[in-house]
2 protein chains.
Amino acid sequence: MAEIFHTPQARQAYDQLLARVRERSLLESTASLLWWDQETMMPPGGVEHRSRQTSLMSRLAHQMLIDEEVGRCLQACEDDPALKSAPLSDQAVNLRELRHVYDRARRVPSELVEEISRVTSLCVHAWTQARQKNDFASFAPWLEQVVTLVRKQAQCLSAAERASETPSGGHLWDALADGYEPGCTAAEVRRVFDPLRPRLVDLVQRLLDGPKKPKNHLASRPIPIPAQQAFVRQVAQRIGFDFHRGRLDVSAHPFCSGFHPTDVRMTTRYREDGLLESLGGVLHESGHGLYDQGLPPEHHGTPRGSAVGLAIHESQSRTWENFVGRSRPFWQWCWPLMQQHLDAQLDGLSLDDVYESVNLVQRSLIRTESDEATYNLHIMIRFELELALIDGSLSVRDLPGAWNEKYRACLGIEVPDDARGCMQDIHWSIGSLGYFPTYTLGNLYAAQFFQAARAAIPDLDAHFAAGDFAPLLAWLRKNIHQQGMRHRSHDLCVMITGRPLSADPLLDHLTTKFSPLHGL
Amino acid sequence: MAEIFHTPQARQAYDQLLARVRERSLLESTASLLWWDQETMMPPGGVEHRSRQTSLMSRLAHQMLIDEEVGRCLQACEDDPALKSAPLSDQAVNLRELRHVYDRARRVPSELVEEISRVTSLCVHAWTQARQKNDFASFAPWLEQVVTLVRKQAQCLSAAERASETPSGGHLWDALADGYEPGCTAAEVRRVFDPLRPRLVDLVQRLLDGPKKPKNHLASRPIPIPAQQAFVRQVAQRIGFDFHRGRLDVSAHPFCSGFHPTDVRMTTRYREDGLLESLGGVLHESGHGLYDQGLPPEHHGTPRGSAVGLAIHESQSRTWENFVGRSRPFWQWCWPLMQQHLDAQLDGLSLDDVYESVNLVQRSLIRTESDEATYNLHIMIRFELELALIDGSLSVRDLPGAWNEKYRACLGIEVPDDARGCMQDIHWSIGSLGYFPTYTLGNLYAAQFFQAARAAIPDLDAHFAAGDFAPLLAWLRKNIHQQGMRHRSHDLCVMITGRPLSADPLLDHLTTKFSPLHGL
């Protein structure tokens, strides 16, 4: 790292700051391991002791961040005149982002942090029970408490008091979203979501009215799980996931944890009749994993060595899951491999059948099971609802009605019960309001980045068809992974694609791909 | 926990102390998970980042212990008049042992702790290389450095300066052993080892000269590893290891880590021609695991909820490995189960053949591969040598000669090279001088405890033959596991068996079991 500071004070403060930040990151990666182990390995009896270990790690990491010494070091660095002249230097990037998380962390009183932690853990428990029994009434008081606390948190963060709009004219929700995707605002999300929604609703309608009715040709073909495991592992390896620096395990809910670029762990789940879901899941988590493995290790533990935010992270998973893994060129390579692994089970099927099966469009109730075309409608519904919950224009008790109404309008589907309606996701129970839009932003970034990659790499389809994913990975490494947090999402997007995020690339992609599949 | 303190100051100081100690224990159990993961799950690339995580946990745990506030709390509690009248209360036990570890930790300067950590990690690396190349000369300078540093550590601990004997007349080595087995001294070890050695040398000689020559009947019968895994897991479960609160995995070197009584992880390794080693290994680690699962969970994180020391821990592993798992009644139950699992591979073998195979006595070079009868001779050799290294009467460069000479005298065997001689164990490379005797002390305690258990439980053999191990486990739970550190080893032994540790029970056991097997 080239030296930029003029004063020895700033240099010293910076070193001190980075040592502390890296130490904090070790606590965080240890907390991640505790979590990974809990989901994959831990014997069931260990859960209570584990929660004590995890809380301690979080508490120590939080204390390390909010210490006044951090503020003093930040200030000493920011006083150095060199900083302004090198705004994209490693130091300036780290200081910009550390100031951001420090200020955020300092604005929320410790009592509120602890209260949110206490109430959300009770709320999750209530949610699990209520969802099983389809009993929204027993869940509602808990969700109300969470929403009230999270609104308080947003007020602290945005320093606005009892107002749905912050003084700068933004939405109170912005302060929450900023924690998942730095700089994210409701206004910016609306700028891309608003044109996307009607066109997507229209596209889905046209596809489902189309003359061809695609189906899942693998639906009634159970495939032994060990064979599935060997197959998906080979695919993950081929697209570039490095098993010397990573693992693939089984968990109830698939996830990916990057402790360090040299230790990235992803999970999936298997069902005998769910090969395509497992494959899609592994491609998705591999996308996250490739990002984590591709972050610059020399900057590990600092913002310069971290992912930009959840939207860009999601763009990487969607790139591999959808833009690669649901493309025809990919299947030209993958289909023979799949036959090799699962020969007996695939008898009579063709490449076209499998391509059609991985690209099935359906109106469905459950977000996590929905397809590439309808997925974003699920997200847009949640975005509108959480905005309303936060600004108080929607009360928790009216949530089911509002939810069902939006599913009717956007997806043309009747929600039969709250378990498959507004209680299907865990996010709000754990206080993660402001999170959902990052999924669709991820899809939008993926589409726009992929257009740029296609323009930059000659014969991308031919590479895929030959099972050669290295050119795409190299492009992502250089343009995204190696950048860490140097640029915020918006700037990164402009830098890579020449323009701000737009709904067009995703809509173009969906229209081009799905129209012929439906005979349009 | 009943209240015993008279003064509110003591009560408050005690609560504060325990909160801190429990927090420290969370850091330690997290460090244990980091280690377990490294040995069983971690992708190879993650090793460097892992070492940073582990060091941080150790450093934070150490800082939490040596803080002056701990000393102040200890003093405030110790000033309370109630303490002396209830020396076996939970509070008194905790204060006794916390004072012990606090004083030990405070006596060694942080710079020395760090220097030992730095040099031992380099020494282990040198040892790995040197052992592979059988090159003691390249290892010797590193071991010399370690011995010098560890001697310094012992001097700090015993507050003796540049003398091989401490002022109280003990050996400098005592201060090291005390870290593995509180209260352990060379004089006490010699009291039991000295009569044991000649009688053991004599017994081994007579056995090997006996008219019958037992052999390993499973030697040339490769057994598929999945079948071995299912079999040993069932045995572990049957003797009482609770898989709801534990796991069994594979690692290069078997070990057991108890993070908490509700989360205990053991490992073993498998070779197609090594079923008996795997089974013995799992019984051994299950013994450790049963102790860890049996510690009182309400006292977890405090001495009252911890194991007495390494010797008592080893007594538990040896109880199940040797006194149960190598007994004829155990095999009366286990042999049909083994046939059930491994039928095709065991054709033509009898119960007698297997019993003989698990009880083979041989003069051998490698401690970890040695049998129940010769094992302790390996330990006694190491004990004498490390005493001499610490008091300076043996220099590192003379170690191979001294080692080989002792193997000739005690085991009647020529050491062909240092890789299979004085470089076979990792212990000294990592600075663990004072550790080895706990293995044989464990065997001695196991024998003496087992005599007491046999006297207390009617028909113990009949229970084993019926696959009923619950009576023995209940006895161990009550007399040992549930006691935590209430009593030091010596007192525990007197309490359970009515007398101090003696060499007789082990010698009686070995003579009674092995004589008929050798036709004596």
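Biologist: Into which domains is chain A divided?

Modeller: The model is predicted: local features need pLDDT of at least 70, side-chain atom pairs count only at pLDDT 80 or more, and totals for chains, interfaces and linings use all residues. Residues are numbered from 1 along each chain as its sequence is written, while chains are lettered from A and ligands numbered from 1 in the order in which they are written. Chain A comprises domain 1 (1-107) and domain 2 (225-355 + 443-483).

Biologist: Which element gives the most to the side of domain 1 of chain A that touches domain 2 of chain A?

Modeller: The centres of the two domains of chain A, taken over C-alpha atoms, are separated by 29 Å. Across their boundary, 16 residues of domain 1 of chain A are in contact (C-beta atoms, placed from the backbone, within 7 Å) with 13 residues of domain 2 of chain A. With 11 residues, the element that gives the most is helix 1 of chain A.

Biologist: Of what kind of axis is the relation between chain A and chain B?

Modeller: Chain A is laid on chain B by a turn of 180° and a shift of 0.0 Å along the axis, with an RMSD of 0.0 Å; the superposition is by least squares on C-alpha atoms of residues with pLDDT of at least 70 in both copies. The copies meet through the same surface, because 100% of the interface residues of chain A are also interface residues in chain B. The relation is that of a two-fold axis.

Biologist: Which strands of chain A stand at the edges of the sheet?

Modeller: The open sheet of three strands in chain A has the order 1-3-2 with mixed pairing, strands being paired if DSSP finds at least two bridges between them. Strand 1 and strand 3 (residues 263-268) of chain A pair in the parallel sense over five bridges. Each edge strand has a single partner, so one side of it is left without a neighbour in the sheet; these are strand 1 and strand 2 of chain A.

Biologist: How many of the residues of strand 3 (residues 263-268) of chain B are buried?

Modeller: A residue is buried if 20 or more other C-beta atoms lie within 10 Å of its own, exposed if 12 or fewer, and partly exposed in between, with C-beta atoms placed from the backbone. B:Asp263, B:Arg265 and B:Thr267 point one way from the strand, B:Val264, B:Met266 and B:Thr268 the other, and all are buried. Strand 3 of chain B is thus mostly covered, the count of buried residues being six of six.

Technical notes:
Domain bounds come from an automatic or database domain assignment. Two residues are in contact if their C-beta atoms, placed from the backbone, lie within 7 Å. Helices (H or I, at least four residues) and strands (E, at least two) are DSSP runs, numbered from the N terminus.
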